[in-house]
Amino acid sequence: MNHLPIAPILLPLIAGSVLLLSTRWPATARHAFSLAAVVAQLAVAITLLVTVTDGPIRVYALGGWAPPFGIVLVVDRLAAALLVLTAIVACASLLYAVARDTEAAAPRFHALFQFQLLGIQGAFLTGDLFNLFVFFEVLLIASYALLLHGLAADRVRAALHVVVLNLIGSALFLLGVALIYGVAGTLNFADLARVIPALTSADAPLARIGALLLLVVFALKSALLPLGFWLPRAYGAAAAAVAALFAVLTKVGVYAVLRVYPLVFGPQAGELANVAEPWLLPLALATLAFGALGVLAARSLRLAAGWVVLYSVGSLLVAVALFSADGYAAAIYYTVHSTLASAALFLVVDLVAADRTTAGDRLDAADAMPHGALLGSFFFFTAVAVAGVPPLSGFVGKVLILDAAGAHPAAALIWSSLLVAALVVIVAFARAGSAVFWRTVPAPAGAPAPPRPSLAALAAPAAILGCVAALVIWGGSATAFAQAAARDLDNPAGYIEAVLGGDHAQPDDRRRLR
Amino acid sequence: MEALFAIAIGTLTSCAVYLLLRARTFPVLLGLTLLSYAVNLFLFASGRLVVASAPLTDQGIEHFPDPLPQALVLTAIVIGFGMTALLVVLALRAIHATGGDHVDGGER
């Protein structure tokens with residue numbers, strides 16, 4: 001058996017464990033080791049992406065235990081694309097952390113960073129509900145520690161809310177898992193997809209409660225309204241490199257929705273068909289509107305970047321909530337775009353804040369920035385990407401979503417919400433940009449000028465913005481890939497057969513202990 | 001026994017929800033602990049409650065509990081324990097950093 005699919009879990013696990021013991025290494029050795037581990041993960045992710053793009057779905061049974069009894073990892077197009085996305089964002093934010101040397105100097109930063117990646121990549125790979133829970137917990141506990149780094153009062157306060165909310169979320173997750181296991185007798189996604197449609201009408205309501213409890217949990221992880229109020233403050237308080245990586249975290253919740261609902265509770269699921277549909281679209285539209293207003297209302301750039309994450313989650317889940325192949329394709333393309341754009345935004349905002357000695361990231365008049373032209377152009381490109389204006393990929397993503405929504409009964413509402421929200425975000429960024437870069441007062445005499453940001457610190461957001469540009473330049477193949485991945489999601493038969501094999505076509509009741 | 005089990009889970013959960021809605025970190029912490037107990041019992045019950053039977057399985061025994069939820073509960077207990085420990089440390093840190101144990105930080 002080819003062991004490559006488990007490498008995205010083992011690499012950060014081993015690297016993180018080594019880094020835990022590395023407190024006596026010189027700082028450069030620690031930085032180099034951590035960066036090498038992340039680059040290796042990028043290489044593995046790209047290899048996996050190449051193999052699944054034209055080949056079959058890859059299934060890895062841990063310990064050789066055949067599914068549905070053993071634990072499986074599944075690499076399909078969606079999972080592989082998100083692995084590559086995670087690795088790219090991780091490379092850039094780690095490079096930034098090392099270049100700025102503020103966060104990376106702390107002894108445990110690199111280990112926590114690797115464990116965070118372990119949780120994220122495990123969640124993308126796992127083929128069953130319980131390991132999704134386990135990897136959620138791994139990524140959460142690492143994210144708490146990363147969020148807390150430095151222990152500033154606002155970080156502690158934000159982290160306390162995040163931790164309590166997510167612990168309640170974990171409890172709900174387990175309740176949902178228990179309900180589904182209680183009626184279905186399995187937690188493997190592919191096996192659930194076969195068992196759920198055959199549920200008796202006595203068991204179906206219990207499974208429906210379980211499915212909706214899971215939706216609540218995924219909504220909390222992806223910061224869907226009304227469970228997203230924690231996000232802007234927490235992300236705004238986090239260190240820039242950490243916040244950039246956190247841009248992937250909300251997408252794990254979106255991924256979980258994309259993975260579970262079309263496959264297990266899709267149109268073929270008998271009494272539980274499309275169980276999430278009535279809830280997801282209104283909540284996603286509300287999140288979109290609320291996120292856009294938040295960007296407009298934010299009084300500092302960091303908070304605005306936090307609200308941008310909420311806004312992009314809203315647009316994404318609107319696409320997911322269409323529950324059609326076109327909608328999934330738009331969602332996948334927009335996931336990649338919006339993660340890159342928000343990660344770049346967090347890094348650029350931090351560079352801008354460091355260049356304004358008196359005002360930091362607040363939208364106040366301050367003395368002119370010494371490197372305003374350089375950072376201003378970075379900010380401009382990022383804002384164009386975030387707001388979804390041509391020529392960058394945000395525009396393509398928006399058009400894909402609008403196109404997919406065209407046939408939906410609520411198309412008018414979706415179109416107007418998306419377009420008005422995009423306009424609000426453009427206005428917000430135009431205002432923020434002019435406030436930060438143009439509304440200047442004379443600098444106080446004798447104040448030391450902040451140093452020019454190092455080349456490596458500039459390279460990190462530049463690399464991410466390069467990927468955003470690549471999404472447009474190779475937009476045809478990116479869209480074709482997203483459509484292929486979306487077709488996989490829309491036709492779960494391929495996934496089920498890849499995991500369980502052809503001879504499991506009918507549910508086998510002998511092993512059920514009911 | 002099912003009724004007793006269900007009442008126990010319900011009582012634990014309602015106490016947990018009450019404590020979670022308090023404004024100080026310590027009651028919230030206790031609430032989360034109670035909630036995780038309730039959830040663990042619930043998860044355990046998803047393998048069905050069976051008395052006077054083999055723990056896993058045995059020849060000739062037809063009615064035995066599903067062992068898998070027991071493994072799931074063990075995992076959930078370990079994770080819940082780690083998370084609770086983290087939250088205790090965090091709550092203590094919050095008192096030092098913000099000068100109070102109010103969940104929104106500071107003394108209100």
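Q: In which loop of chain A does A:Phe323 lie?
A: In this predicted model, A:Phe323 has a positive phi of about 50° although it is not a glycine. Its place in chain A is the loop between α12 (301–321) and α13 (325–355).

Q: Is A:Phe323 buried or exposed?
A: A residue is buried if 20 or more other C-beta atoms lie within 10 Å of its own. A:Phe323 has 20 other C-beta atoms within 10 Å, so this residue counts as buried.

Q: Which residue does a cis peptide bond join to A:Pro390?
A: The bond in question has an omega of about 10°, and its second residue is placed in the loop between α14 and α15 (393–405) of chain A. The residue joined to A:Pro390 by this cis peptide bond is A:Pro391.

Q: What is the omega of the peptide bond from A:Leu225 to A:Pro226 near?
A: A:Pro226 is found in the loop between α8 and α9 (230–237) of chain A. The peptide bond from A:Leu225 to A:Pro226 is cis, and its omega is near 0°.

Q: How are α6(A) and α8(A) oriented to each other?
A: The axes of α6 (residues 153–184) and α8 (residues 204–221) of chain A come within 8 Å and cross at roughly 155°, and the crossing is left-handed. Residues that meet across this pair include A:Leu172 and A:Leu179 in α6(A), with A:Leu213 and A:Val217 among those in α8(A); by class, the contact has 16 nonpolar, four polar and one charged. Because angles over 145 degrees count as roughly antiparallel, α6(A) and α8(A) are roughly antiparallel.

Q: How many charged residues does the contact of α14(A) with α17(A) have?
A: The axes of helix α14 (residues 372–387) and helix α17 (residues 455–473) of chain A come within 11 Å and cross at roughly 40°, in a left-handed sense. From α14(A), A:Phe378, A:Phe381, A:Thr382 and A:Ala385 meet A:Pro461, A:Leu465 and A:Val468 of α17(A). The contact divides into six nonpolar residues, one polar residue and, for the charged class, no residues.

Q: What is the radius of gyration of chain B?
A: Chain B has three helices and zero strands, and its C-alpha atoms fill a box of roughly 65 × 25 × 15 Å along the principal axes. The globule rule gives 13 Å for 108 residues, and chain B is well over that, so it is more spread out than a compact globule, with a radius of gyration of 18 Å.

Q: Which helix supplies the largest share of the side of chain B that touches chain A?
A: The contact takes 26 residues from chain B and 22 residues from chain A. On the side of chain B, α2 (25–45) and α3 (68–98) each supply at least two residues. The largest share, 14 residues, comes from α3(B).

Definitions and conventions
Residues numbered from 1 in each chain as written. Chains lettered and ligands numbered in written order. Predicted model: local features only at pLDDT ≥ 70, side-chain atom pairs only at ≥ 80, totals over all residues. Axes fitted to C-alpha atoms, helices over the stretch in contact; angles between N-to-C directions. Helix = DSSP H or I, 4+ residues; strand = E, 2+ residues; numbered from the N terminus. Left-handed = near helix turned anticlockwise from the far one by under 90°. Contact = placed C-beta atoms within 7 Å. Nonpolar A, V, L, I, M, F, W, Y, C, P; charged D, E, K, R; others polar. Rg over C-alpha atoms; globule rule 2.2 N^0.38 Å. Parallel < 35°, antiparallel > 145°, perpendicular 65-115°, else oblique. Buried ≥ 20, exposed ≤ 12 C-beta atoms within 10 Å, placed from the backbone.
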